[in-house]
Amino acid sequence: MPPSLKIIKNMEKYRQAAKLEINVLEKINEKDPHNKHQCVQMLDWFDYHGHVCISMELLALSTFDFLKENNFLPYCMDHIRQMAYQICLAVNFLHINKLTHTDLKPENILFVNSDYTITYNAEKVRGRGRASFITLFFTYAKVQGGRILSQGTVSTRHYRAPEVILELGWSHPCDVWSIGCILFEYYEGFTLYQTHDNQEHLAMMERVRGPLPSTMICKTR
């Protein structure tokens with residue numbers, strides 16, 4: 001099977017980000033040479049006229065694209081259980097090796113094979129796609145973390161943890177929050193926190209989870 005090729009635009013900020021990504025992918029290859037922990041494998045990388053090119057294994061649809069092509073019908077519970085286990089396996093591997101993904105979302109989780117069978121869904125009165133292989137891979141794990149909280153905004157909005165919004169720094173727990181949001185989306189077929197505003201986002205969190213801890217509120221500006 002031919003590899004896939006990720007091409008990074010020839011701009012300094014993108015080149016710097018690409019170098020960080022390559023460092024992380026090299027660490028993943030070193031720590032998991034037999035590819036047992038569900039993280040994408042980098043085959044090689046090279047510089048082409050200033051464009052950093054990263055060669056990776058070729059994967060299938062992302063879990064978001066599969067959901068979209070299935071008219072956003074939720075995944076069945078058996079598949080969600082398998083996917084949840086494999087996502088947690090991969091994230092645990094990253095955290096053990098002092099890496100934090102920081103951008104977990106359905107678009108960044110890919111099927112190895114997205115073939116499916118069609119089943120009749122009486123409730124929705126339409127066919128439903130079903131993946132035959134549920135093994136998942138991350139497009140990349142991109143940021144180093146650890147016990148010391150790092151500053152800055154990370155994660156795509158809808159999967160962003162409250163401590164990130166409150167500018168309290170982030171570490172491994174921000175990945176765990178994202179996983180919860182992702183599994184909800186697999187189960188319901190829509191995003192839990194559909195907003196683009198910080199205050200509305202926090203209000204929605206409180207509606208779902210209850211009041212934010214006073215310790216967090218006292219520390220944020």
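Student: How many helices and strands does the protein chain have?
Tutor: The protein chain has seven helices and nine strands. Helices (H or I, at least four residues) and strands (E, at least two) are DSSP runs, numbered from the N terminus. This is a predicted model, where local features need pLDDT of at least 70 and side-chain atom pairs count only at pLDDT 80 or more, while totals for chains, interfaces and linings use all residues. Residues are numbered from 1 along each chain as its sequence is written, and side-chain values use heavy atoms, with hydrogens and water left out.

Student: What share of the residues is buried?
Tutor: Of the 221 residues in the protein chain, 45% are buried. Buried means under 20% relative accessible area, exposed over 50%, and partly exposed in between (1.4 Å probe, protein chains only).

Student: And what share of the contacts comes from residues 24 or more positions apart?
Tutor: Among contacts with a separation of 6 or more, such residues account for 67%. Contact means heavy atoms within 4.5 Å.

Student: New topic. How many salt bridges are there?
Tutor: The count comes to five salt bridges. The rule asks for a side-chain nitrogen of Lys or Arg within 4 Å of a carboxyl oxygen of Asp or Glu.

Student: Which residue pairs with Asp-47?
Tutor: Arg-15 does, and the closest N and O atoms are 2.9 Å apart.

Student: What does Asp-78 form with Arg-81?
Tutor: A salt bridge, with the closest N and O atoms 3.1 Å apart. Asp-78 and Arg-81 are three residues apart in helix H3 (residues 77-96), so about one helical turn separates them. Arg-81 counts as exposed, at 52% relative accessibility.

Student: What about Lys-105 and Asp-103, buried or exposed?
Tutor: Both are buried. Their side chains meet in a salt bridge at 3.9 Å, N to O.

Student: Back to H3. How do its axis and that of H5 cross?
Tutor: The axes of H3 and helix H5 (residues 173-188) come within 11 Å and cross at roughly 165°. That makes H3 roughly antiparallel to H5. Axes are lines fitted to C-alpha atoms, for helices over the stretch in contact, and angles run from 0 to 180 degrees between N-to-C directions. Angles under 35 degrees count as roughly parallel, over 145 as roughly antiparallel, 65 to 115 as roughly perpendicular and the rest as oblique.

Student: Which residues meet there?
Tutor: Those in H3 include Met-77, Ile-80 and Ile-87, and those in H5 include Val-176, Ile-179 and Tyr-186. The residues of the contact of H3 with H5 divide into 13 nonpolar, one polar and one charged. Ala, Val, Leu, Ile, Met, Phe, Trp, Tyr, Cys and Pro count as nonpolar, Asp, Glu, Lys and Arg as charged, and the others, Gly among them, as polar.

Student: Last one. Where is His-201?
Tutor: His-201 is in helix H6 (residues 198-209), and is buried, with a relative accessible area of 0%. Leaving aside neighbours within four places in sequence, His-201 is in contact with Arg-157, Arg-160, Ile-165, Tyr-193 and Thr-195.
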